[in-house]
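Dear colleague,

Please find the structure below, handed over for your records. The findings follow it.

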Amino acid sequence: MPKLQISLQDGADISHDLIEDVVTVGRIAENTIEIDDPSVSSHHAQLTLRINDYIFKDLGSTNGSRLNGKDVVPDEEHRLRDGDRVQFGTIEAVYLSDTPSEQRAMPTEIEPVAVAAASSARPANFENASPFLTKKKKNDPVAMGIMAFAIFAMVVFAGAVATIFLIQPPS
């Protein structure tokens, strides 16, 4: 017996046995499967039994449906196979069938095309290779003068303190 296992936003999993020929999925109670979630339309999708498996059709829902990660065009029919992942709005579901599906082919890998540069030249330095700006050393004569004066003042102060400590009281 085919099943639709629904994973709700709160983490709960609900399994529905698909026993009717036509199963409707939506947010309101008149659907066969009711999913109380704002992303699910009142009449979101329909599952129709054909030769042991169900055909999935989006009924023009507001937030749309996805089948195995791909968007589903409204009113377009898709045969469900065992293990297919269906998404109603933001609610995820897995279709489980008694009929084992044939192995699915891996998607074809698209080989990236590399284009050679027309010309290249070795850079003189690697300044452009760093993503960070480099600070350039600046020679500021005013700052150097202030620094020299500060050092001179500290030396004079240290000499004065040493002189005070070396003074002997009169005997």
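**A buried aspartate and its contacts**

The side chains of D37 and S39 are joined by a polar contact of 2.5 Å; a polar contact is a pair of N or O atoms within 3.5 Å, where within protein one must be able to donate a hydrogen and the other to accept it, and residues adjacent in sequence count only if both atoms are side-chain atoms. Please note that this is a predicted model, in which local features need pLDDT of at least 70 and side-chain atom pairs count only at pLDDT 80 or more, while totals for chains, interfaces and linings use all residues. Residues are numbered from 1 along each chain as its sequence is written, and side-chain values use heavy atoms, with hydrogens and water left out.

D37 lies in the loop between strand 4 (33-34) and strand 5 (45-50); strands (E, at least two residues) and helices (H or I, at least four) are DSSP runs, numbered from the N terminus. D37 is buried yet has no salt bridge, and R27, the nearest side chain of opposite charge, is 7.7 Å away. Here, buried means under 20% relative accessible area, exposed over 50%, and partly exposed in between (1.4 Å probe, protein chains only). For charge, Lys and Arg count as positive and Asp and Glu as negative, whereas His and the chain ends are not counted. A salt bridge is a side-chain nitrogen of Lys or Arg within 4 Å of a carboxyl oxygen of Asp or Glu. Apart from neighbours within four places in sequence, D37 is in contact (heavy atoms within 4.5 Å) with Q9, R27, T90 and I91.

**Salt bridges**

Side chains of opposite charge can pair when their charged atoms come close. By the rule above, the count is two salt bridges. One joins the side chains of R50 and E77 at 3.0 Å, N to O. This pair links distant parts of the chain, with R50 in strand 5 and E77 in strand 9, 27 residues apart. R50 is partly exposed, its relative accessible area being 35%, and E77 counts as partly exposed at 42%. In the salt bridge between D71 and R66, the closest N and O atoms are 2.5 Å apart. D71 counts as exposed because its relative accessibility is 60%, whereas R66 is partly exposed at 30%.

**Loop residue P74**

P74 is in the loop between strand 8 (70-71) and strand 9 (77-79). Leaving aside neighbours within four places in sequence, P74 is in contact with D58 and G60. P74 counts as partly exposed, with 45% relative accessibility.

Yours sincerely
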